[in-house]
Amino acid sequence: MKKKITMIICLTLTICIAALCGCSNSANDQKTITVINYGMYIDPAILDQFTEETGIVVLYEEASTPEELYSKYSSGAIHYDAVCSSEYIIMKMMADQSLQPIDFTQFEHIDNISDDVWSFCATFDEGNQYALPYFWGTVGLLYNKNMVSTPPTSWDVLFSGEYAGNIIMQNSMRDSFMIALKYLGYSCNTTNPEELAQARDLLINQKPDVQSYLVDEARDEMVAENAAIAVIYSGDGMLGCTYNEDLAYVVPEDGSNLWVDCWGVTAECVDTESVYTFLDYLCCREDIAKQNFEYVYYPTPNTAVLNSLDEELRNDEAVLPKLDSLDNCEVYQLMDDDTTAMMDEYWKQIKAE
Amino acid sequence: MKRKYIALPYLIWMTAFIVLPLVFVAYYAFTTKAGGFTLSNVFAIFDSLHIKATILSLGLSLSCTVLCLLVAFPLALVLRRIHLNHKGLIIIILILPMWMNSILRILALQMILSKNGILNMILEWLHLAPVEIINTPAAIILGMVYDYLPYMILPIYNSVMDIDQDLIDASSDLGARFGYRLRHVILPLSKPGIISGITMVFIPCLTSFVIPDILGGGKIQLLGNVIEQEFITSMNWNLGAGLSFALLIFVIIGLIFTQKHETKYKESRVW
Amino acid sequence: MVKLKDFFCKFYVAIIMLFLYAPIMVLIVSSFNSSKSRVLWGGFTLEWYQQMLNSSIVIGALRNTVVLAVGSAFFATIIGLLASIGIDAMRKKEFSIVMSITNIPMLNADIVTGIAMMLLIFRFMPLGFSSIMLAHITFNIPYVILNILPRFNQMDISTYEAARDLGAGPVTSFFKVVLPDIIPGIVAGFFMAMTMSMDDFVITYFTKGAGVNTLSTMIYGQIKKGIQPTMYALSTMIFAVTILLLITINLITLPKKSGKNKPR
């Protein structure tokens, strides 16, 4: 027994010392920036390449949903220099005055960002001062051709009961309400309590038919053919189609949500020069943006990247929808506090049912 | 120097890192967003929405604990019976799964249980009816049992192994049958282990949110999920803290009841 | 009859082992799957192992996890041992107060402990690696104490008194008489603390600083988008290394055959 214990103690001490030796690599004179983004929303190799090229170290934090990202930021425990999030979080941060205007003239490759996307961003960021578009896309349906009778064209398939037990919904408050509101023919930015209550009742009635509420995991479930229809973001929908040829992605005709994820520079950021260098490198420089596009596979606002893609891919509207073909799609607007509280409460009721 | 002063470093640590953070939580629990005093956050646990989640959590945790106990106690007896001369090895075999990341293991369990998953593939191959267990409370219970079973087995195994064989022999010499021996000799002697096991399984089950999230498909809302959402999604720390404070009070009351008759060292060591 | 009974006993153990190890088998198989989607089998590959070894992020997270586990278990064991010696000497009232507070981290929801720690720590120092260390030490100490304290109870105090009577100082008698008796508790506490630290996700998530990742937080970030196969490869490696280590230790220190069924 004694021998054994001595052995174990020696072993752990060795591991400990080895680990501590490996740990001592702190160089304090390096420039560092702290950024937060969604998980798996960047090719991790780019961070290393960036540090190698510029000497700036990027401390990279991840969150899995917009709300989680915002609470991580606003808890104040970590000082972030730049955040990448959905447009409605960026709007909220603009309203809180937690962002500072970005001086895009300091960006070397800013011309690569498409004018269409700029004007699209201008709908919530007047004069394009605060937000640098990163990726954009739609919310739609991913369905299995062998498991549906006719290809869906409306959100109706989610509520008709035809596919009871084979539906995957989004585990996100805003997206779920968006679907219900659009199906009912309302705007997804409504503040009318009655319309919201109707949407809530619709979602509660639908709950027994829903197999599960997932976020991006829905893709793998669809690939494994565990469900017939899933609500999904366009990029993941496309990725799902490449894994399983029986899958197809469609944006319902009743309209949907058009979203854009943007980078913003926080008000407390001091070393804006390094942050600008990073954002320019990541979003605007052609080779890096392309490398990132190939990893993330969402529509990129970078025209240089788009032009370098081969013809077939570029014209594939499923991968890269044309902005002007999405007339029915709305961008989320910032909701007032009362509506947010009401939606929160309704969402809780749906989930508790 | 009195011996009890040796605990001083710990007492300082305890005050700084256990008591002080608890004060922070209490502060959030008893104030509104604006900073005024309120009891509504703590009493919010009696809201119909929250009470539903609480009852569901209690039900699932209770089932999980009972199942763990039903599996672990016979296992401990069996392990004692086949007395491998290798107590350490058994413990290691039981702990080893815990060294793999628990999120990964639960995800793997999900792959086994899902509709076209590995379990159903095997059942189909055996020409048996598939089971549709994923996204139901049953899947959550199974996941919890899977994750927390070692915490039940280890203390019970330890206390069962500590029972003196002579006692059991004596009782059987005196004519006690197996059932009687179990009830009057083995069970009372392994009680400390059973109690530690129950606390180590029941309490984490009550507040877990990762397992219900993954195996419940987001359809089933337990108290842990509600608290997590208040903190992470809704940014309502006051309500989140209030709910968990209420839960903490329940747990402490529960513990006082179970331990009323316990004396100083009755709780068995965990491993 | 006895043979049949023995067979059933072994069968029961085997079933439970299967239950405990089946998901791990799935992880191991997934680590050799060449398809990036976890639900498809794309053929055998070792690519993920290579990628894992080349990824500074993965290796960094692994290093953090190991250093945290060993380091926090080490400090928690020292503090917990000292605490146990002292607590053992306390009167009933002090004892129950201290023990109730000690139990709080185990009774409280992890998420609350995590947030409370974060609220406290970031007021005094920037969050980073050391803040996770502090948090892990804190939630590990109760487990150490719970493992060591019962050993004092089982120990015969008269041997200690005999040693003192024979002229040994308190420290010498502690090391010569008490320590050998409680060492199994210390080892168990240490390993339990290590296990808890490796398995923790929630508390680490809230107390970690920017860019510091452990395996748990890294895996959590990937749940939604799909776990990277490198994670499976890493788990398989950890599993293999631990098993090898344990087998070696067991081979070197083969226990002497003791006929009687008494554990100690």
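Which residues does B:Tyr148 touch, not counting residues up to four places away in sequence? They are B:Cys64, B:Cys68, B:Val201, B:Pro204 and B:Cys205, where two residues are in contact if their C-beta atoms, placed from the backbone, lie within 7 Å.

## Basis of the model

This is a predicted model, in which local features need pLDDT of at least 70 and side-chain atom pairs count only at pLDDT 80 or more, while totals for chains, interfaces and linings use all residues. Residues are numbered from 1 along each chain as its sequence is written, and chains are lettered from A and ligands numbered from 1 in the order in which they are written.

## The largest nonpolar core

The largest nonpolar core has 248 residues, of which A:Ala82, A:Ile229, B:Tyr148, B:Met152 and B:Ile153 touch the most other members. Such a core is a set of buried Ala, Val, Leu, Ile, Met, Phe, Trp, Tyr and Cys residues joined through C-beta atoms within 7 Å; a residue is buried if 20 or more other C-beta atoms lie within 10 Å of its own, exposed if 12 or fewer, and partly exposed in between, with C-beta atoms placed from the backbone.

Helix H7 of chain B (residues 137-161) gives the most to this core, with 17 residues; helices (H or I, at least four residues) and strands (E, at least two) are DSSP runs, numbered from the N terminus.

## Chain B and its neighbours

Towards chain C, 71 residues of chain B are in contact with 77 residues of chain C. H1(B) gives the most to this side of chain B, with 12 residues, and the residues of this side divide into 52 nonpolar, 10 polar and nine charged. Here Ala, Val, Leu, Ile, Met, Phe, Trp, Tyr, Cys and Pro count as nonpolar, Asp, Glu, Lys and Arg as charged, and the others, Gly among them, as polar.

Towards chain A, 15 residues of chain B are in contact with 18 residues of chain A. H3(B) gives the most to that side of chain B, with three residues, and by class the side has four nonpolar, eight polar and three charged residues.

## The two domains of chain A

Chain A is divided into domain 1 (31-136 + 260-322) and domain 2 (137-257 + 330-352), with bounds that come from an automatic or database domain assignment. Taken over C-alpha atoms, the centres of the two domains are separated by 26 Å, and the contact takes 17 residues from domain 1 and 11 residues from domain 2. H4(A) gives the most to the side of domain 1 that touches domain 2, with five residues.
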